[in-house]
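Hello,

Here is the structure you were going to look through. My notes follow below it.

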Amino acid sequence: PVARMLGAGTGVGALAGAFAQAFPELRVLGIDVLDRPLELARQEIAASDVAARVTVRQQDIADLTDDTGFDLAFLPAPFIPRPALRAGLPRVAAALRPGGWVFVARGKFGATPVEDALTRLKTLVYGGTPLDEAEAADLLRSAGLTSVRTVPTPEGAPGITIGVAA
């Protein structure tokens with residue numbers, strides 16, 4: 001009943017709203033640096049039945065200072081620049097309750113050289129960080145997270161690497 005989620009790079013808030021729909025008592029904070037997507041997120045959330053439990057605000061993950069205890073944090077690396085991701089991940093880890101989870105979404109690599117190059121290119125065009133499985137795991141471990149592992153995802157979905165707060 002007191003579960004909290006942080007969605008970094010929330011964009012138009014679709015994932016924040018979907019998580020709140022799926023988990024009726026979850027409270028979600030979505031942060032992003034872009035004005036227009038946040039404006040759209042506010043409109044969509046205000047018109048939804050989860051408006052009382054979803055908040056969005058303009059903030060860079062590298063400047064996160066919340067210490068209210070998140071149970072889950074979702075970071076879409078393809079939409080977060082490398083400097084912000086590197087600076088923000090330790091702040092996110094510090095804002096987790098013990099046993100809280102960080103999910104880092106990332107591109108999938110290892111198919112063919114052409115597909116890997118295309119994934120890297122798309123990620124750079126989005127302004128984000130191209131991470132492979134090993135680099136994502138290293139990033140989570142360097143932020144002090146434990147039980148770091150990659151979880152299976154369906155074909156066409158991003159790769160997900162997770163870590164747990166001690």
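**The cores**

In the largest nonpolar core, which has 29 residues, those that touch the most other members are Leu6, Ile61, Leu75, Val92, Val102 and Leu145. A nonpolar core here is a set of buried Ala, Val, Leu, Ile, Met, Phe, Trp, Tyr and Cys residues joined through side-chain atoms within 4.5 Å; buried means under 20% relative accessible area, with a 1.4 Å probe and protein chains only. At least two residues of this core come from each of β1, β2 (27-32), β4, α3, β5 and α5 (133-142). Helices (H or I, at least four residues) and strands (E, at least two) are DSSP runs, numbered from the N terminus. With five residues, α3 gives the most to this core. Apart from it lies another core, of 16 residues, including Ala20, Val50, Val56 and Phe74.

The model is predicted: local features need pLDDT of at least 70 and side-chain atom pairs pLDDT 80 or more, while totals for chains, interfaces and linings use all residues. Residues are numbered from 1 along each chain as its sequence is written, and side-chain values use heavy atoms, leaving out hydrogens and water.

**The sheet**

Seven strands make an open sheet with mixed pairing, in the order β3-β2-β1-β4-β5-β7-β6. Two strands pair if DSSP finds at least two bridges between them. The edge strands, β3 (54-58) and β6 (146-151), each pair on one side only. Strands β5 (residues 96-106) and β7 (residues 159-164) run antiparallel and are joined by six bridges. Tryptophan 101 stands opposite valine 164 in β7.

Regards

Notes
Buried means under 20% relative accessible area, exposed over 50%, partly exposed in between (1.4 Å probe, protein chains only).
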